Amino acid sequence: MVADLKGLVDIDQGLLSRRIFIEPDIYQQEMEQIFARCWLFLCHETQIPKPGDYFTTYMGEDPVLVVRDSGGRINAFLNVCAHRGNKLCRAESGNAASFICAYHGWAYSNDGKLQAVPNLKDAYYDDLDQSKWGLTPVAQMDTYNGLIFATFDPDAPPLDDYLGDVKWYLDVFFNRREGGVEVIGGVHKWMAPCNWKLPADNFCGDGYHTGWSHLSAVQSGFGGDFRVKTASAGGKSVATGNGHCILTLGPDDPSDPAVPEILDYEESIAAEVRKRMGPRLDLVKPHVGTLFPNFSMLRSVARVFRVWHPRGPDKTEIWNWVFVDKAAPPEVKEAFRIVALRAFGPGGGFEQDDMDNWQECTQTARGVVSRRYMSNISMGLGHESYDHDLMGWVSDYRLTENNHRHFYDRWAQVMASDSWANL
Amino acid sequence: MRDETIREVEQFLYREARILDNRRFRDWLELLTDDVHYWMPIRSNLYPVNSKAISVLDGSRLEESEVSSDHDLALMDEDKDSLTRRIDRLDTGMAWAEDPPSRTRHIITNIEVEAGDSQDELRVYSNFFMYRTRAETEQDFYIGSREDVLRRVNGQLRVASRKIVLDQTVLLAKNLSNFF
């Protein structure tokens, strides 16, 4: 354990040390304790549908190659040549039977086996056990609703347990119709000068910022005309455990991008979705959320999911996918594509303002005096309770920092504990 | 292409750049046709077809372009209405990405003018270097190419479509809050 974590997170008072957004030793400990141990999102199955299809990503700062092998099985490896540590695959996606390292030409098949080593006979005297020098696989890999997750920790609980009660909420995002979802081709990727936790906690359920940060976007009609329906101001924040957090709207609130193709589509499938999702959907409409630590999703003004890749204490590489129901007709998919990129890409009418706030919350913490002061995440403290119907710690009111507190409580636990048994 | 036309196109693009840098966004909208398509696809980092870094299993993926197609995700895919909303947003006094505003400088170069698909249209290629500085020390460099269709409307050149291709795959700026 490197960093002294005492007093960084005070959940009982809703106080958060700003040191956690800037200090390098805390960041390094996050890489070890959180990113080398937790289940992290890799990509969606529909990005690699055929044998040989691959997608390169990161788990924390470790480069990872996700590839469907020639037999159709999905694997994930460190995207690192076993010989000298060179980055093996330098393209972001494609299709391959094998990958050949650019340095000395070691070649790996798409199931990670070391296939060929130049000069094996003369220079190695045929004395290199190739079976021991394949690509390093992740410790565990599993999927939920087509979302591929992996962990580097063999002792981490199974994905199913790790997700726990958040699974129903994930179903509403990614499996509300037969066939689930697919992603639109391409990933938005951009670099934000902020600590990764600020966007992650924002997507946990910062309903508070929407009414001010994004008022300009709402007023000028991004993501559709929100004035067509009046919000009931219902909704709850729901922390289902293990740091996973969902913000919901009230059952009668508008929750879809208000463009005609989408509203008609949503109306046409409402009964089917209600039947599939069950009566819980009469209580809340899941809207935005974060799976601990760095996967987030949104389904109101746009249907997107995100990874916040840490790139040092004060940098985050944001990856953004747009998803649509696989069963939706082409014109509806097109409507979702347009509404998402206009609202929630790096140039989105909503999104472009967020980066400024996350940036400045991070950068002011460079000041040694600024970071002596605690951030305030006390909104709604004491106005939350466990709700069995919603399967989580639920706020009485939709505007609350209940979810922020649960996220950082989990953060502090995972940072401090060396054993999953204690978590 | 007649020199006179080339000069006219150059002057049009320079004037447009000056209008953007002076933040006269309503005036800029007037330079676009009502049916304008303003599109910034995504650039991807892919192996070329002849790369020896991989041996290919399924050749169909090699047909993928490093520039996203029109049904893929894009950084911007706008019409006149959505561009107008972007400018409406800037006028709310709460568009935080532009408050305080960016200071931009559009450098437009490498202009080539070709005949368009119809008598009243021209196909125009150009490169751009858009420098953005903001607040105290923020700076971003947006560099890439544009492919425009300029149409003559009532004797005046107007932008009927613009494809903007940035050279970065991971956008190194924190956002896109300016026009190109």
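In this predicted model, the contact of α4(A) with α10(A), where contact means heavy atoms within 4.5 Å, joins Lys197(A), Leu198(A), Ala200(A), Asp201(A), Cys204(A) and Gly205(A) on the α4(A) side to Asn403(A), His404(A), Phe407(A), Tyr408(A) and Trp411(A) on the α10(A) side. These residues divide into 6 nonpolar, 3 polar and 2 charged, with Ala, Val, Leu, Ile, Met, Phe, Trp, Tyr, Cys and Pro counted as nonpolar, Asp, Glu, Lys and Arg as charged, and the others, Gly among them, as polar. Local features need pLDDT of at least 70 and side-chain atom pairs count only at pLDDT 80 or more, while totals for chains, interfaces and linings use all residues. Residues are numbered from 1 along each chain as its sequence is written, chains are lettered from A in the order in which they are written, and side-chain values use heavy atoms, leaving out hydrogens and water.

**Helix packing around α4(A)**

- Helix α4 (residues 197-205) and helix α10 (residues 402-416) of chain A pack at an angle of about 135 degrees with their axes 8 Å apart, the axes being lines fitted to C-alpha atoms over the stretch in contact and the angles running from 0 to 180 degrees between N-to-C directions.
- That angle makes α4(A) oblique to α10(A), since angles under 35 degrees count as roughly parallel, over 145 as roughly antiparallel, 65 to 115 as roughly perpendicular and the rest as oblique.
- The axes of α4(A) and helix α9 (residues 351-363) of chain A come within 9 Å and cross at roughly 130 degrees, which makes α4(A) oblique to α9(A).
- This contact is made by Leu198(A), Pro199(A), Asn202(A) and Phe203(A) of α4(A) and by Trp358(A), Cys361(A) and Thr362(A) of α9(A), and by class it has 5 nonpolar, 2 polar and no charged residues.

**Buried residues**

- Leu114(A), found in strand β10 (residues 114-116) of chain A, is buried with a relative accessible area of 8%, and Leu114(A) touches Trp106(A), Ala107(A), Tyr108(A), Gln130(A), Trp133(A) and Gly134(A), not counting residues up to four places away in sequence.

**Domains**

- The domain assignment of chain A gives domain 1 (40-141) and domain 2 (165-422), with bounds that come from an automatic or database assignment.
- The C-alpha centres of domain 1 and domain 2 of chain A lie 33 Å apart, and 13 residues of domain 1 are in contact with 17 residues of domain 2.

Conventions:
Helix = DSSP H or I, 4+ residues; strand = E, 2+ residues; numbered from the N terminus. Buried < 20%, exposed > 50% of the residue type's maximum accessible area, 1.4 Å probe, protein only.
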